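Me: I'd like to learn how to read a few local features off a model. Can you walk me through some?

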Amino acid sequence: MKISKLIILLFFLSCSVSYSQNYHSTNKKAIKIYEEASELYKKYDLEAAKVLLKEAISKDSEFIEAYTLLAYVNLDQNNGEEAKKYFLKTIELDPKAIPNNLYFLGELERQTGNYSDAKRYFSEYLAMNLNNIDLNAKINYSLKKIDFAIEAMASPREFSPRNLGPNVNTEFAEYFPSITVDQKNLLFTRRLPFENSPQGFNEDFYLSKKNNSEWDLAKNIGLPINTQLNEGAPTLSADGQILIFTACELYGNYGGNRKGYGSCDLFYSQKQGDNWSEPRNMGPNINTKHWETQPSFSSDGRTLYFIRGIRERGGNRNGNIYVTQLDSSGYWAPPVPLNNNINTVGNEESVFIHPDNQTLYFSSDGHPGLGGLDIFMSRKDEKGDWGEAVNLGYPINTYSNENSLLVSANGTLAYFASNRDEGFGELDLYEFILPQDVAPQKATYFSGKIFDNNTKEPIAARFELIELSTNKVAVESFSDPIDGKFLVTLVDGKDYALNVSKEGYLFYSDNFSLSSNESASPFEKDVPLQPIEVGKSIVLKNIFFETAKYDLKNQSKAELDKLISFLNDNSKIKIEVSGHTDNVGSENSNQILSMNRAKAVAEYLTKNGISSTRIIAKGYGSSQAIDTNETESGRAKNRRTEFKILGI
């Protein structure tokens, strides 16, 4: 039950002032005991105050102030049902004696799903026409939430969650899942009892791998990530190579080096083969004296969302969602809060950015919902601003707190944590089919291994995925330095250029057209990089011309700029740019077209600073086919632009 301790204390103090001279009791012994209990409550000695309050009630069974304070004590101890019992007693004795009790009773009923009772108590309070502007506003907002909840329950969604099974879930709590874009690696938090910990428990990360559509037995990922204190709320990069998580400063000799900037901070680690690097603090641009937690790392490899929680008077910690991006120098920019369509004066938690980079899921108690924290979705508009928060509806959301939502890359499955009765114990991880109206764009992936074409040894190379319609980098990352493996996210409905580069090698070019890839099928292909040698050539797969013309399309700019960068980085290289066609049309017209296309590329290079003495343009027409001209796909491969190393 989330009612601010500060609000409770303020209500108590206001009631104390109002009624200190006029208690609803004439029993002097009861009043004396009650006043002693009040002093203890102000000092937050709750158990001692509770004992005295029960004694005061034993002296006067109609002592409304004693019942009220006893309800407040139980609220502070998170005993909602006990608090409700004592508030009900005050209403039974005299609802007008302390009208604020109607508000608390209404909130208790609303936050446990008893919407009709809550509405009745709120209405009784408003009917008194008291001039309490702030409380009237709170009640009217709660009534708005109640109306929303009743309407949502009248139109329930299809919802059949499936437990992920005993290889993932145990008698202990499992929550905060994170998954790679290929849906093959599931990382999550497990809370285990640990007597030597100051908290009495230990949160560690466990990893389960998917094998033939089932999850293998989850294993503790061990040092240097997991220590004898808590690690929580992990997020993986789309390829699983970077881990960002929450940790607090360690006390004593518990292992690890987790010095922070105050409270809990975000740390990161990079995978190297089967091992993780020593976690490092993400630095003062991100971490502050406040609570930074629950990160979500975008599939673009450059954007990080997270929760910053600010501790309020009274002990509550309200969070908002912040976002930061890597700048051109590789440093994280100062984080900024998301707009008011997302963040509220309430609490936002458990943010998740889908691999489409356009759909955000999060939990909040500040938007109209069914109870405490509900799960919401928001989409980016054409300007890049986040749109209105959409509640995922009932019974995905209930009067309880819902969070830890994760959505698969293809937008079909959602994962979440719940303590449902049929589980293995405490919180378990579940999956369910996500309703289409709150589903993201489909995303898929391109995966493989980068290696030296001559030695076949794996290479740690840089790759960029560029959206052709905008010529903007959508994803940038590196292949694994140990095994050369990589995984790149592709969002459905878009066309991409892929560029892979490594010093000392020719860059690799490829393209993906997902405009009609309705199944969001993944692409798997290894990438051989050619060492820079005279005579070696590559196909520039992202140079585009109009049919039968030699005018460069705008989508060619990203590839041409990569070629310019390559030539600038290798200033002694001389190249031949060659144009090639299929065999449709006359040999002469194909020869002229291929030559003009090669010249168009060469002219772009020279206009952008590359000396003409380093470039030769040639047209080969259809004379150097690399595939059959009997099929459309073969002809498409033959229509190409290449460059070849002439000198170094």
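Me: Okay, where is the place of D582?

Reply: Some ground rules before that. This is a predicted model, where local features need pLDDT of at least 70 and side-chain atom pairs count only at pLDDT 80 or more, while totals for chains, interfaces and linings use all residues. Residues are numbered from 1 along each chain as its sequence is written, and side-chain values use heavy atoms, leaving out hydrogens and water. Helices (H or I, at least four residues) and strands (E, at least two) are DSSP runs, numbered from the N terminus. Now, D582 sits in the loop between β32 (574–580) and α10 (587–607).

Me: Does D582 count as buried or exposed?

Reply: Buried means under 20% relative accessible area, exposed over 50%, and partly exposed in between (1.4 Å probe, protein chains only). D582 counts as buried because its relative accessibility is 7%.

Me: What does the side chain of D582 make a polar contact with?

Reply: A polar contact is a pair of N or O atoms within 3.5 Å; within protein, one must be able to donate a hydrogen and the other to accept it, and residues adjacent in sequence count only if both atoms are side-chain atoms. Here the partner is the side chain of R639, at 2.6 Å. The D582 side chain also reaches the backbone nitrogen of V584 at 3.0 Å. If you go by contact (heavy atoms within 4.5 Å), D582 touches N590, S622, N629, R635, N638 and R639, not counting residues up to four places away in sequence.

Me: Which residues lie nearest the centre of the second largest pocket?

Reply: Rolling a probe the size of a water molecule over the atoms shows where empty space is left. On a 1 Å grid over the protein atoms alone, a pocket is an open set of points where a 1.4 Å probe fits, with protein on both sides within 12 Å along at least five of seven lines; lining residues have an atom within 4 Å of a point. In this case 37 residues form the lining, and I543, F544, A636, K637 and R639 lie nearest the centre. Each of β28 (508–513), β32, α10, α11 (632–638) and β34 (640–647) supplies at least two lining residues.

Me: How many disulfides does the structure hold?

Reply: A disulfide is a covalent bond between the sulfur atoms of two cysteines. The cut-off is a pair of cysteine sulfur atoms within 2.5 Å. The structure holds one, joining C248 to C264 with S to S at 1.7 Å. C248 lies in strand β8 (residues 242–248) and C264 in strand β9 (residues 264–272), so the pair ties together parts 16 residues apart in sequence. The torsion about the S-S bond is about 70°, so the disulfide is right-handed. C248 is partly exposed at 30%, whereas C264 is buried at 2%.
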